[in-house]
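This briefing is meant to be read with the coordinates open.

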Amino acid sequence: MSNRLNLKPNDLSAFWMPFTANRQFKQTPRMLVSARDMHYTTDDGRKVLDGTAGLWCVNAGHCRAKITEAIQTQAAELDYAPAFQMGHPIVFDFANRLVSMAPQGMDHVFFTNSGSESVETALKIALAYHRAKGNGSRFRLIGRERGYHGVNFGGISVGGIVANRKMFGTLLTGVDHMPHTHLPGKNAFTRGEPEHGGDLADQLERIVTLHDASTVAAVIVEPVAGSTGVLIPPKGYLKRLREICDKHDILLIFDEVITGFGRLGTPFGADYFDVVPDIMTTAKGITNGVIPMGAVFVKEEIHDAFMNGPEHLIEFFHGYTYSGNPIACAAGIATLETYQEEGLLTRGAELGNYWEDALHSLKDAPYVIDIRSIGLVGAIELEPMAGQPTKRAFSAFLKAFEKGVLIRTTGDIIALSPPLIIEKGQIDEIVDCLRTVLTEVE
Ligand code: PMP
């Protein structure tokens, strides 16, 4: 193995890698040592086109000078300050900028350090909100099959991925799940929102009736489920969820950790689908992935429900040491400015047709059983290898990496979500690479 750090095989054992087949990886490691704009560079000096924006987060591309400089300046000025009973100007500045671009009425923001923490925070806000309103009997949370809401206990409880749930004993109680909306038989090769399945939202009504609305606090969904393979909501589905929640005074939480900050060609998924949730979780693109940070947006009414008690008491007993970390805020402000200056939050809409045509040109490639696309996200679903699920797509990932394109796979699905600065020629490069790779995989 060659790399700039001269690591020996034994040097790889201390780091227990997340969401990785550690033993396999450590036999044939893949090392990224630097990055710029649309590319990573590997330890052996190869350039790799980033088809995934890191993990759906580096929306403005890598090592952007403005963001790097903002971090350096802030680190030299005020490196850390607590946000418990103390303030620093940059966190208020960043919060104001965020709410000014958020969907209408989402006027307050609570800072976290990751998508998982944003989810836990959102669930706690929902439960505490109902208590603050005198409705403590509303304790149930409803998620969805194939939902991914991070890895903490609340998130895996409302999430709908078996592998994330089965090893960890008792999860949160009082959780139920709606069915997922993926109908491959009916909606295969759809561009944008699928025609069929909007009525699956009525399953929420069924679940609410089963438990009685007076026990239900909140429903959480990703506007587009990303990590389980880019599952796009059928037409009318999210609007119907909104109606059912309104009818029963249930809070609607959108987990926008992936769909936030321009991924769909609009600032947030809520803007794309024209459905405003009550609570919105974000992370990833908030700082261009450069510094860990998340933010939970809430509607005025929710925030205000906490502000009625005695003034000297803490209204919401929750927070993190690094909530609103000044360096993360500096990175976030520079990121938002970059998005705005370069029109990146709507670039997915401008490039959408090109992206869609390019992806769908793979329709007749070997093993392809479905292609889905929306904004600058896409998925190519492969027929699983007999008796060895996930193997074919993972082999495509390895081959694409060898050929200089980073893709991501989840099960037998190839997921793509490039930085929003991508050019048409680079879209062609990704698709041409996949066309070749799919003829090479077993
Ligand atoms: N929610 C969603 C919708 C996500 O896609 C993710 C991460 N992929 C998370 C939560 C968790 O975010 P993190 O990994 O930053 O904890």
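The points below are grouped by topic.

This is a predicted model, in which local features need pLDDT of at least 70, side-chain atom pairs count only at pLDDT 80 or more, and totals for chains, interfaces and linings use all residues. Residues are numbered from 1 along each chain as its sequence is written.

**Confidence**

- The chain averages a pLDDT (the predictor's confidence in each residue, from 0 to 100) of 97, and 99% of the residues score at least 70.
- For the model, ipTM is 1.00 and pTM is 0.98.
- Where pLDDT is low, predicted coordinates should not be read in detail.

**Ligand shell**

- There are 14 residues around the ligand, and Ser114, Gly115, Ser116, Gly150 and Val257 come nearest; a residue counts as near if its C-beta atom, placed from the backbone, lies within 6 Å of the molecule.
- With three residues, helix H5 (residues 115-132) gives the most to this shell; helices (H or I, at least four residues) and strands (E, at least two) are DSSP runs, numbered from the N terminus.
- The shell consists of five nonpolar, seven polar and two charged residues, where Ala, Val, Leu, Ile, Met, Phe, Trp, Tyr, Cys and Pro count as nonpolar, Asp, Glu, Lys and Arg as charged, and the others, Gly among them, as polar.

**Helix H4 (residues 89-101)**

- H4 has 13 residues and reaches 19 Å from its first C-alpha to its last, close to the 18 Å expected at 1.5 Å a residue; the expected span is 1.5 Å times one less than the number of residues.
- Ile90, Val91, Phe94, Ala95 and Leu98 are the buried residues of H4 (20 or more other C-beta atoms within 10 Å of their own; exposed means 12 or fewer, partly exposed in between, with C-beta atoms placed from the backbone).
- Viewed down the axis of H4, these buried residues fall within an arc of 135°, so they line one face of the helix; the arc is that of the directions from the helix axis to the C-beta atoms.
- The face turned away from the buried side of H4 carries the exposed residues Pro89, Phe92, Asn96 and Ser100.
- Strand S4 (108-112), strand S10 (294-298) and helix H13 (326-341) are among what covers the buried residues of H4; contact means C-beta atoms, placed from the backbone, within 7 Å.

**Helix H10 (residues 237-248)**

- The buried residues of H10 are Tyr237, Leu238, Leu241, Arg242, Ile244 and Cys245.
- Down the axis of H10, its buried residues fall within an arc of 165°, so they line one face of the helix.
- Asp246 and Lys247 are exposed on the other side of H10.
- Asp249, whose phi is positive, near 55°, follows H10.

Note on methods. Contact = placed C-beta atoms within 7 Å.
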